[in-house]
Amino acid sequence: MEDSRRVSADSPNVWELGGESVIHCDVQPDPPEAGRATTVRLTHSNTYGPVDDVRFFVRVGDLQDPTQFEDLDSATDWRPMRLVEEVVWIDGRERHRPEVAHLLDPREETVWAGTFEAALVVPAGGHLIELKVVSEGHLQSGVISDWRVQVR
């Protein structure tokens, strides 16, 4: 099977969320082009198994006034990121989670990765791409606001 993860593990945009969760992010096209749709991709991976209680949102932030980590509610332009693919590793092989869900034992550790996407139109110039993590318990909810992009 071809590697299903749409975000490279080599991405320079990497954040650790705790609980063995890591996100890798990129944009397509890279660099973004002003006035055209830019796909923001986020791959959330966890060495213990699927993390189903987390939602991700994205927005264009202001370099001069980044959203604070605890500020989940003041901005109104957050766009939800939708899950586009999930993979797990079973016996050293990458498999699509929906196809092998019946084989997964929630009491056992299974490396998991979920890729999420959303489209943004980003104006020309320097900006932040901000990510909002909303968790129902597994992770700490908050805003990541240090991803700088230069849009041509």
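Author: Strands, labelled E, are DSSP runs of at least two residues and are numbered from the N terminus. The model discussed here is predicted.

Reader: In which loop is the place of Asp 91?

Author: Asp 91 has a phi near 50 degrees, a positive value in a residue other than glycine. Strand E6 covers 82-90 and strand E7 covers 93-96, and Asp 91 lies in the loop between E6 and E7.

Reader: Is Asp 91 buried or exposed?

Author: A residue counts as exposed when its relative accessible area is over 50%. For Asp 91 that area is 77%, so the residue is exposed.

Reader: How is Glu 20 classed by its relative accessibility?

Author: Glu 20 is a residue other than glycine with a positive phi, near 70 degrees. Its place is in the loop between strand E1 (13-18) and E2. Because its relative accessibility is 43%, Glu 20 counts as partly exposed.

Reader: Why is strand E4 (residues 54-61) described as largely enclosed, and how many of its eight residues are buried?

Author: Buried means under 20% relative accessible area. Strand E4 is largely enclosed by the rest of the structure because the number of its eight residues that are buried is six.

Reader: Which residue in E9 stands opposite Phe 56?

Author: E4 and strand E9 (residues 125-135) run antiparallel and are joined by eight bridges. Within E9, the residue opposite Phe 56 is Val 133.

Reader: Which residue in E5 stands opposite Val 58?

Author: E4 also pairs with strand E5 (residues 79-80) in the antiparallel sense, over two bridges. In E5, the residue facing Val 58 is Arg 79.

Reader: How many salt bridges does a search of the whole structure find?

Author: Side chains of opposite charge can pair when their charged atoms come close. The cut-off is a side-chain nitrogen of Lys or Arg within 4 Å of a carboxyl oxygen of Asp or Glu. A search of the whole structure gives a count of eight.

Reader: How many residues apart are Arg 152 and Glu 33?

Author: The closest N and O atoms of the salt bridge between Arg 152 and Glu 33 are 3.2 Å apart. Arg 152 lies in the segment after strand E10 (142-151), whereas Glu 33 lies in the loop between E2 and E3; this pair links distant parts of the chain, with a separation of 119 residues.

Reader: Which parts hold Arg 41 and Glu 117?

Author: The side chains of Arg 41 and Glu 117 meet in a salt bridge at 2.5 Å, N to O. The pair ties together parts 76 residues apart in sequence, because Arg 41 lies in strand E3 and Glu 117 in strand E8.

Reader: Is Glu 86 buried or exposed?

Author: Glu 86 forms a salt bridge with Arg 97, and their closest N and O atoms are 2.6 Å apart. Arg 97 lies in helix H1 (residues 97-100) and Glu 86 in strand E6, so the pair ties together parts eleven residues apart in sequence. Arg 97 counts as buried at 17% relative accessibility. With a relative accessible area of 14%, Glu 86 is buried.

Definitions and conventions
Residues numbered from 1 in each chain as written. Predicted model: local features only at pLDDT ≥ 70, side-chain atom pairs only at ≥ 80, totals over all residues. Heavy atoms only, no water. Helix = DSSP H or I, 4+ residues; strand = E, 2+ residues; numbered from the N terminus. Buried < 20%, exposed > 50% of the residue type's maximum accessible area, 1.4 Å probe, protein only. Pairing = 2+ DSSP bridges.
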